[in-house]
Amino acid sequence: MDILVIHLFNALLYTSVLFLIAGGLSLIYGVMRIVNLAHGNLFAIGAFVTASAVGQWFAGSTSAWLFLLLPAGAVAAALLGAVLEPTLLRPFYRRPEEYQLLVTYGILMILEDLIRFIWGPYPVTATSLFEKMGSMTVGEWIYPRYNLLVIAIGGVAAVGLWAFIYKTRFGVLLRATSQDMRRASALGVNVNYVYVLAFTIGCFMAGLGGAIVVPSQSAVLGMGVDALVLSFIVVVVGGLGSLDGAMVGALIVGVLRETAVSVFPELELAVLYLIAAIVLLVRPAGLFGKAT
Amino acid sequence: MSDRPSRRDFLSKLGVTTAAAVGGSLAGVGLAGVARAEDKPKGTIPDKPFKIGHMTFFTGAGAVLGEPMYKGNLLAADEINATGGLLGKRKIEILKADEAAGTDANTKEMRRLKLSEKIDMFMGITSSGNTPALGPVAEELKLLTIFVDGCTDFLFDKAVPNPRYIFRITNIQSADGATCAVGVALTWPSIKTVAHIHPDYSYGRNCFDHFSIVTKKLLPKASNVSEAWPKLFSTDFTPHITKTLAAKPDLLVTSLWGGDYVAFYKQALQHGLFTKMKVATTLALGAAPQSIGKDHPEGVLSGVHSNYHFSYPAGNRWPLNKTFVEKYHAKFNEYPNFQAEGAYTATYALKTALEKANKLMGGWPDDDAIISQLEGMMIPGPGGYVYIRPDNHQGYKDAITGFSKNVPEYPFPILDPERIITIPIRNITSPPGWPKGDPTSTYTWIDQTWPTVKTT
Amino acid sequence: MNTTTVAALKPAATRSPYLAVVWAVPIAVLLGILPFVFDQYRTIQLAYGLIFAIAGLGFNILLGYTGLLSFGHSAYFGVGAYTAAFMVKYMHTGSMELFLLGTIVASLLVTSLFGYVCVRYTKIFFSILTLALSQVLWSLAFKFFWVTGGTDGLRVPTPKLLGMSLGEGADKIYFLSHAYYYYVLALFIICVGVMWLIVHSPFGKALQAIRDNETRARFVGIRIRRYRFIAFLVSGVFTGIAGALWVPLNGLTTPDILYWPFSGEIVFMSVLGGFRNFTGPIVGAVVYNYLKDFAVGFTVYWQAFMGVVLVVLVLALPTGIVGTAKVLAEMARRRFAR
């Protein structure tokens, strides 16, 4: 019985991180109709910044205050997003979608090397947070407490985001703009403001995803591209532009991966793409998506 | 079954030693070949630089192996250049190329280095996925090449069965799985159930295959109860650890390395994995000695790619190692891994071949002359003697492994100096003339010629 | 369907076939004598460029002529490469013509499956679908290592050209920069010719009509989904042929060429040359190949370099090299006329 709990924890752990990345991607698409191919790099930047903050700048500190550094990566990613949107993306809103995709692909290549330039080739770790929290026992099992913190942060982020979008004035602007940008603009919504806000929140989520995985794993080059592909699977399954879809998609992928590792170790990776392909065949717009 | 030897008899026949004392093969070895004053080169030697194209991982997760390889090459080149260069005249110039660009890009880059940059020699390569790709290209280009690693058996078994221009200096990959399994049979003969976690690429597959075939012979009662194949360079091993724990094995075998292994052992610690089973690894301490923390458990069978750990041979027993480690540490402020040792030895193998060829013919030797000197060469490196077999151009040195242990001298675990395991390499790799086999020649050789030991 | 009406919708290509030949022949002759001028390395680079140009042509019938941006063309390139490799591994053939034949069959199979799913959607959904499907192939090539060699990939030895083993025993580099270069060049010319005929046929005009105004195209009786599907097939087959030609040049194929960033490179090439022009992807592919080669040799941060080029390109020169050249030529002509 206990093992099921452990498997559930593992699946939720993966789900939390995936939701943060894919949810950000989906939110940006939902509001701005842009698929940001550089989204994975913002996840990576979140990871590297937090790793530097915890593992390098404040290395050796044993204070519990270190946990406050955890969001540093998310803030850094959000700041980067707030700069990128007005400078590089805004000129493309009136141009065909192809150009938007291409410019984000260019940003992906630049950010990938920027990370290498700043942090060098070696992995950066921040394991002190992971170790500080220690482990707990579940029946005869030992489980790291930090993983539960990640799950909790993922859950809080999901609820917070939902509340933000459905319960605040900004959320109303966001939803209005996503439904009809021109009409919202005509009614006096500052679309530029809404766009930069949405993009920043999306980047914040990706950065937060990177920030919370880094203590138990590490920040390595190439993690952004891998994360992007995984979040594509999530949005393909759940439906692009839908937060519910990102949640459900992340959950499906999380559970599926946990099962695959245990039952079909050979198919660990392929099973994710296969489920994406099956969903595509049955419901090409994803489970929660609206076909255009 | 009276013809079946006992495990102990067979292991001693393999020449496996586990002792603090230095293996017999090293004792009383003279260093005449290295220490001898250099003779003046014969004939006229051009003074244009000797260009070595060095391709390895400078970026990405593989850089923990790649950077030390380059540094080993660089250290040797600086030493040689300080004496005037190769044959006293030609300074070594190293051109860096990043192996992380991907196999296809690497093929292109090798061509560019030869045809456009006009390199004299190619060196490097970390990934066992890249040597089978680049080996044939080097042969096509007629480019003198010493691969430092990329140690897959596949290269000389299949991709280039009759090499002319390419050599490889570090131990062949099958030795990893075999050494690990011999170490397990020697240390924990009562093992019954085995779990595996291997990176999902050729190195992981190879370790799995050779560990399995050796355990089939030496631990016939052991069986596999769990397998997990995480993607190479992934950092989340939570589900793989859960799966392994659920199988409740006596032993976990893993060929994870570098950043992957560091992430793995940190996560495994928090899951209490090391307290619930024995752990045997093929490359844990080999990749980057200083990247493993003191929180790493002691007594883990810690592989070093069957090649080299800077702490062995210890002390002044093998002065070449002592001076190498000191010089390397002074220059780069870190300790060399097996890649650094391999690249360092490879550079000196080139130097030795050039000097021998020059002595025979005078002037700057052509590639054919260098190749014929490298074939069959036996040279001392920091880790011991390396023998380059003439038939397959593969470098062989006695395999070593050991157990992780924390000592006050180093801020990271090293191999327990009291319990180093060494195996003569010829006893765990297929000999010359053995037909090329599948998955590897060594696999079929072990399968067909090793007895299954008696169990009590 | 009334072809004249469709053709009248948008005179995208007004150039007559004779004028095209006047342009094409000298360029073909120039490409033919280049191996005598260039060193072997540059010639091989040019062969890569011509092969990517075939892929670019195939890609562009979707983007430039049908208005569908595929971010999954690595799949069809990979199908070509792996088909050739499988034929070596399982059928023990080394005939380049059989490789090409097998590739056409295999890419027709794969593209009709993928196309069936993808052409139901347009715009960003089409891009994401093609990307996701290409990743399915990538993961299969990666995982089923006993078939595909996994990350080791599969080797393809020197092939026989037209039944002749020109490369055996000879210097491989010489073979690649001569016999094989001309083989690639011949196929390149055939592919350019065939694609020129396709896009200037009533079918090609219909695609452009769909691209420019889907509703109006439907109104004049074009069966949109079927036309898109056929364009998808043509696109996949051309890209597959490029993959099959590429693999002997590279010596082996690995899952890298199925991974989606390679699709990004194909898109990059077409945009660099200018996808609104027939010749754009051709110029783009050749230039891209040299540019990347230069960047890799020039800086370790070559990826950022290429990224900056791409961003600047889409910001400042969205019509690409050919489009910009045309505008400049037009300006020069007007000034001259005045």
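How many bridges join strand 2 of chain B to strand 3 of chain B? Seven, linking residues 50-56 to residues 92-98, and the two strands run parallel. Strands here are DSSP runs of E with at least two residues, helices are runs of H or I with at least four, and both are numbered from the N terminus; two strands count as paired if DSSP finds at least two bridges between them. Along this pair, Thr56(B) sits opposite Asp98(B). To get from strand 2 to strand 3, the chain passes through helix 3 of chain B (residues 63-82) in a right-handed β-α-β crossover, meaning that with the strands pointing away from the viewer, the path from the first strand over the helix to the second goes clockwise.

A word on what you're looking at: this is a predicted model, where local features need pLDDT of at least 70 and side-chain atom pairs count only at pLDDT 80 or more, while totals for chains, interfaces and linings use all residues. Residues are numbered from 1 along each chain as its sequence is written, with chains lettered from A and ligands numbered from 1 in the order in which they are written.

Now step back to the whole sheet. It's an open one of five strands in chain B, ordered 3-2-4-5-6 with parallel pairing. Strand 3 and strand 6 (166-168) are at the edges with a single partner strand each, so one side of each has no neighbour in the sheet. Further in, strand 4 (residues 121-124) and strand 5 (residues 145-147) of chain B pair in parallel through three bridges, with Gly124(B) bridged to Phe147(B).
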